[in-house]
Amino acid sequence: MSKPVVEKRTVESTPAKGSRTTGRATIIDVAKQAKVSAMTVSRALKTPELVQQEARDRIAAAISLLGYVPSQAASTLASARSKVIGVLVPSLTNAVFIETLSGIRDYLSQAGYQFLIGETGYSKTKESQLISTYMTHAPDGFLLSSVGQHEILKQQPATSRIPAVRMFDLGKSNSEMTVGFSQTKAGYAVARHLIERGYRRPAFLAAQLDPRMMKRREGFRKGLLEAGLVPNVEALLSTPTTVNMGAQLLSRILESNPDCDAVFCCNDDLALGALFECQRRGIKVPQQMAIAGFNDLSWAACATPSITTIVTPRYDIGYKAAELLIRRLKGETIEKTRLDLGFQLAVREST
């Protein structure tokens, strides 16, 4: 076993000057202040048992005096691991993604990793900018929320070899790591439910119109076509969803299709807005109009009437995606890189 390094000197009361370029204290400044070598400071931080206690005390005093913070970049170079994961989500105000971030946080914290959160606002330009910015932190991997983000990552030479897991949707094969569920099957399940309940003039309400929304629409249309219904009653907007927008979209549907008897809203915000509009117009739910939503946000079951919706495993998606990524980083053999966590249809009073 190596003998502790012994260096007997005293700590000066006047702090050494910080880096000329950043103004922050460096490991060299700490070494000068403690009258030891920079290597001894590094050893004291990483393997303190190899440094004599008196020297460690002086180094600790110097660090406290200078306010020294070890460089993440230097640690990354030494270990070839930054212990940082880049996470990109469309919105930090949407409860869907907040729950997913909670799952990511819980797994990464127990695995000893930190993560950087980026809000893309559904913008490919911002997605590309965030990925480039996060590269300065030398992330070990990425957790992504869209196909577009994954494409951007693989198109850039600097990031093409960094492992990434895509969340909320599923890849077509095991060639990429994905954790989520079939958006298409979820839309199909809603269509089949409405048909089985006897509704024959259903409409589709959607906003944002990102690829996941359009897959829900695809599944919904497939279900209607199989039942011999024409899936041409729709109200679509490309702007972000709000409760008020749900009321507006339902009004648009009723103006052009007054015989509409059911609506599938691409998320619960729109479904709540549609419910409010029905109540304002005196339309009975579900007797005259059935309403189905998506995601099962916390208040969907508390509405009057309670809203039928697709229950999505948002927390588990984040947790499992983080777990899959860390397993890849550890070099473990992964038999299934395409994790389908499924969904549930919560049938309530609105249908």
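R201, D259 and D261 are linked in a network of salt bridges, where a salt bridge is a side-chain nitrogen of Lys or Arg within 4 Å of a carboxyl oxygen of Asp or Glu. Bear in mind that this is a predicted model, in which local features need pLDDT of at least 70 and side-chain atom pairs count only at pLDDT 80 or more, while totals for chains, interfaces and linings use all residues. Residues are numbered from 1 along each chain as its sequence is written, and side-chain values use heavy atoms, with hydrogens and water left out.

**Salt bridges**
- Searching the whole structure turns up 14 salt bridges.
- R166 pairs up with E176 in a salt bridge, with the closest N and O atoms 2.9 Å apart. R166 sits in strand β4 and E176 in the loop between β4 and β5, so the pair ties together parts that are ten residues apart in sequence. (Helices are DSSP runs of H or I with at least four residues, strands are runs of E with at least two, and both are numbered from the N terminus.)
- Both R166 and E176 are buried, meaning under 20% relative accessible area; exposed means over 50%, and partly exposed is in between (1.4 Å probe, protein chains only).
- E234 has a salt bridge to R217, and here the closest N and O atoms are 2.7 Å apart. E234 belongs to strand β7 (residues 234–236) and R217 to helix α9 (residues 211–226), so this pair ties together parts that are 17 residues apart in sequence.
- E323 and K320 form a salt bridge too, the closest N and O atoms being 3.5 Å apart. Both lie in helix α12, three residues apart, about one turn of the helix.

**The sheet**
- Six strands make an open sheet in the order β2-β1-β3-β4-β5-β11, with parallel pairing; two strands pair if DSSP finds at least two bridges between them.
- At the edges you'll find β2 (114–119) and β11 (338–340), each pairing on one side only.
- Strands β4 (residues 164–168) and β5 (residues 177–180) run parallel and are joined by four bridges. Look for R166 again: it stands opposite T178 in β5.

**Two packed helices**
- Helix α5 (residues 95–111) packs against helix α12 (residues 314–329) at an angle of about 35 degrees, with their axes 7 Å apart. Axes are lines fitted to C-alpha atoms, for helices over the stretch in contact, and angles run from 0 to 180 degrees between N-to-C directions.
- Contact means heavy atoms within 4.5 Å, and the residues involved include Y107 of α5 and E323 of α12.
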